[in-house]
Amino acid sequence: MNKPLNDILAVDFSQFLSGPSASLRLADLGARVIKIERPETGDISRHMYISDVQMNGASSVFHAINRNKESYAADLKNPEDLSKILALVHKADIVMHNFRPGVMERLGLDYETLKKINNNIIYGEISGYGTQGPWENKPGQDLLLQALSGMCFLSGNADMAPVPMGISLVDIATGGHLVQGLLACLVRRAVTGQGGLVQVSMLESACDLQFESLTCYYNDGHQLPQRTIKNNANPYLGAPYGIYKTADGYLSIAMTAVDKLGILIHCQKLTKYTDPAGWFTFREQIKAILSAHLLTQNTSHWLQLLEPADIWCAPVQSWRELLAEQSLHNTKMTQMVTMQDGYQFETTCCPIRLNGELLTSQKGTPALGQDNLRINSALLTDNAPEKAKNILNEVNKDVVNNVIKDV
Amino acid sequence: MAPLENLIVLEFCQYMSGPSAGLRLADLGATVIKIERPGTGEGGRQLAIKNLFAGDNSILFHTINRNKLSYSANLKDPQDLKKIKKLIQKADVLIHNFRPGVMEKLGLGFQDTLALNPRLIYGEITGYGKEGKWKFKPGQDLLLQSISGLSWLSGNKNDPPVPFGLSIADYICGTHLVQGILSALIARAKTSQGMLVEVNLLSSLIDFQFEVITTHLNDGGRLPARASLGNAHAYLSAPYGVYATSDGHLAMAMEDLNYLTKTLDIPEISTLIQDGFANRDAIMAAIAGALKKQTTQHWLAIFEPADIWCAQVQNYHQFTAHPGYKAMQMEQEIVLPDGRKLTTTRCPIRIDGQIFNSPQPAPEVGGHNQKLDPTLL
């Protein structure tokens with residue numbers, strides 16, 4: 001299929017997860033993404049290993065985040081490299097970065113400057129905490145954002161210490177919001193022709209992730225979220241909402257009428273909870289009764305009683321059980337991609353289908369600077385219009401002066 | 001100008017995943033019209049957290065459905081259905097999150113609507129897609145967390161599976177639906193053709209775990225191993241985690257273990273730190289032993305000037321009282337029909353330096369039928 005962004009060029013200065021996860025989505029939607037990386041080391045996450053897994057000389061994380069992209073190595077403090085980058089910006093639709101505030105300004109790659117080179121550019125930036133306030137210069141790192149924003153008091157049981165969520169979810173949410181903003185500006189550009197500036201921060205995204213619980217906190221007289229003593233799955237929800245141990249595994253049960261549940265699983269004590277308001281008020285008692293009862297039989301026994309009655313329940317699975325479904329039922333959850341040197345690996349796919357088709361791409365992760373030659377000869381040598389060239393020279397002078405001053 | 005001004009979105013959605021997508025489109029400037037059954041409206045109106053209501057609707061419903069209009073119609077009544085079809089002819093986007101087959105039975109499947117409006121972008125959320133053994137299973141957040149393996153990533157080694165304490169599947173899937181719809185609108189500007197956009201909660205949670213599932217697919221199929229104490233990420237090495245101090249908790253991200261060995265005076269780990277992953281539990285235990293002797297502020301005063309990545313673990317009282325939170329201006333007020341005000345969060349995206357606020361509350365069921373009839377039908 002013709003992917004929707006197949007005529008879009010994105011120049012991506014970001015590293016780690018938040019920004020690169022956004023440009024991965026743009027790539028999967030069809031955009032050409034050129035990753036600008038510093039020579040020799042590149043994106044730091046190339047060598048930020050998780051566990052001990054190395055794949056073809058880079059971390060598994062880097063491969064997951066940066067497949068389907070090109071890599072252009074450039075030293076942004078070197079005037080010659082910088083002028084090539086500016087020529088690339090002249091051709092780009094999107095420029096994006098996730099440096100700390102002030103870095104792109106010092107390099108002469110801020111929105112106001114780049115607009116002079118490319119008036120319709122759409123410029124996306126991710127910060128940790130916005131560009132004002134006391135946290136401005138604090139590192140925008142996922143766990144720190146989880147810690148500061150109150151998020152660690154939502155998961156786990158009441159007797160546990162604060163429990164972080166075991167995925168870099170603030171990074172991922174922030175990247176998702178950047179994509180939304182960039183795409184919204186592309187929609188607008190198709191109507192008005194104008195570019196735009198999109199700003200997101202991990203702090204704002206951490207609040208948005210908690211929009212339900214924060215709104216509750218603002219309006220319930222500022223009560224802190226109360227995790228239940230056992231089987232907590234959401235501090236704001238009544239019983240039976242939670243994960244329960246069975247004789248051979250775990251079972252999750254979502255919102256359901258407690259008295260009806262009691263009848264279905266033959267648990268007399270639960271049938272007396274007929275008032276829906278009581279399912280929140282007496283949730284500790286209900287959960288205690290339910291967890292003792294569910295221990296007596298296997299997960300499959302309970303599922304056979306509950307699923308036909310359309311009770312919202314599910315077995316708790318590992319990835320092995322999840323991924324086994326792929327081969328058993330021919331559901332497409334993963335894809336194979338190939339790097340330029342022939343190295344192949346299996347990874348996940350874009351979760352969005354368009355006109356019934358999955359958006360797959362066989363293009364693997366780029367080696368550092370693998371596309372410099374091709375980009376130099378194809379993108380940067382043709383004749384830019386005379387006026388644009390002049391502007392470029394003008395801007396270049398300022399930038400070069402700045403860089404020299406900085407050095 | 002808000003980027004999506006002049007776009008009309010019809011939202012046939014309930015609860016969280018679809019309506020959260022509608023909310024984002026509304027905040028970015030679109031006119032979002034909820035299509036609801038007369039009388040009771042969508043199910044989310046009665047779904048309350050902590051039994052909290054504002055008027056007839058739960059506060060949760062207001063949180064997710066502010067800044068929208070409501071048009072009530074009985075989709076099984078031919079007269080009402082005719083009006084809905086007229087609305088579809090005027091709309092740019094339609095989204096729904098019914099189980100597979102429901103919209104088709106109503107004559108409002110993608111192909112039906114494309115015949116009415118060839119430029120329509122049709123967005124659809126299901127729980128598990130339309131193939132595989134789960135396709136008719138309810139698409140509910142906690143169930144998806146359980147099925148997707150996500151609940152084995154949080155908590156400590158000996159804990160049972162620990163779900164994320166917020167509706168992460170709904171949230172992420174709503175984000176993906178917005179992305180798909182916007183990209184389809186970009187394509188439409190070139191082709192003038194409508195498009196079907198499909199997302200499902202399961203694919204969204206697999207995508208959400210893309211780093212760690214890719215690792216699992218390439219490490220011989222090992223399962224995640226959570227740290228014994230203070231786990232914050234099953235795949236990251238010491239000291240990544242949460243530690244008790246004498247008066248609270250401190251989160252520490254990736255750090256130079258040599259620095260911590262010296263600063264915390266724990267020479268006993270100096271031979272272990274060569275492999276911060278294999279020796280994670282022993283290193284974290286030693287760090288925990290040192291950190292609990294002093295207050296959180298004591299450690300922050302030492303670590304922050306050294307650019308050590310750490311933060312106080314705050315609760316909502318501490319977070320919302322902090323000047324860093326206030327500087328973000330993340331709160332906004334919506335005004336209910338009776339004049340009461342309700343505080344909620346705003347859209348996290350700024351465009352051209354502008355914050356998008358709107359005082360418009362969630363609509364009453366059918367609250368805009370009269371207004372929409374003459375202008376749209």
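Visitor: So a salt bridge is a side-chain nitrogen of Lys or Arg within 4 Å of a carboxyl oxygen of Asp or Glu. How many does that rule find across the interface of chain B and chain A?

Guide: Twelve of them lie across that interface, while the count over all chains comes to 31. Keep in mind that this is a predicted model, where local features need pLDDT of at least 70, side-chain atom pairs count only at pLDDT 80 or more, and totals for chains, interfaces and linings use all residues, with side-chain values taken from heavy atoms, hydrogens and water left out. Residues are numbered from 1 along each chain as its sequence is written, and chains are lettered from A and ligands numbered from 1 in the order in which they are written.

Visitor: Thanks! Which residue does A:Asp7 form a salt bridge with?

Guide: A:Asp7 pairs with B:Lys190, and their closest N and O atoms are 2.9 Å apart. This pair crosses between chains: A:Asp7 lies in the segment before β1 (9–12) of chain A, and B:Lys190 belongs to helix α7 of chain B. Helices (H or I, at least four residues) and strands (E, at least two) are DSSP runs numbered from the N terminus.

Visitor: And how accessible is A:Asp7?

Guide: A:Asp7 has a relative accessible area of 45%, so it is partly exposed. That class sits between buried, under 20%, and exposed, over 50% (1.4 Å probe, protein chains only). B:Lys190 is also partly exposed, at 41%.

Visitor: What does B:Lys137 meet in a salt bridge?

Guide: The side chain of B:Lys137 meets that of A:Glu307, at 2.6 Å from N to O. Here too the pair crosses between chains, from the loop between β7 (121–126) and α6 (141–147) of chain B to the loop between α13 (299–306) and β11 (313–315) of chain A. B:Lys137 counts as buried because its relative accessibility is 11%, whereas A:Glu307 is partly exposed at 36%.

Visitor: Switching to chain A: where are A:Asp28 and A:Arg67, the two ends of a pair that links distant parts of the chain?

Guide: That salt bridge has its closest N and O atoms 2.8 Å apart. A:Asp28 is in helix α1 (residues 18–28), and A:Arg67 is 39 residues away, in the loop between α2 (60–66) and β5 (70–73). Both residues are buried.

Visitor: OK, helix α9 of chain A. Is it mostly covered or mostly open?

Guide: Mostly covered: eight of the nine residues in α9 (residues 211–219) are buried. Among them are A:Phe211, A:Glu212 and A:Tyr218. Just after this helix, A:Gly221 takes a positive phi of about 75°.

Visitor: Now the rings. How many aromatic pairs are there over all chains?

Guide: The count is 13. A:Tyr129 and A:Trp135 make a tilted one, 5.8 Å centre to centre with 50° between the planes. Rings of Phe, Tyr and Trp (its six-membered ring) pair if their centres lie within 6.5 Å; planes under 30 degrees apart count as stacked, over 60 as edge-to-face and the rest as tilted. Both A:Tyr129 and A:Trp135 are buried. B:Trp299 and B:Phe303 are stacked, at 5.8 Å and 15°.

Visitor: Why are B:Trp299 and B:Phe303 separated by about one helical turn?

Guide: Because they are four residues apart in helix α12 (residues 296–303) of chain B.
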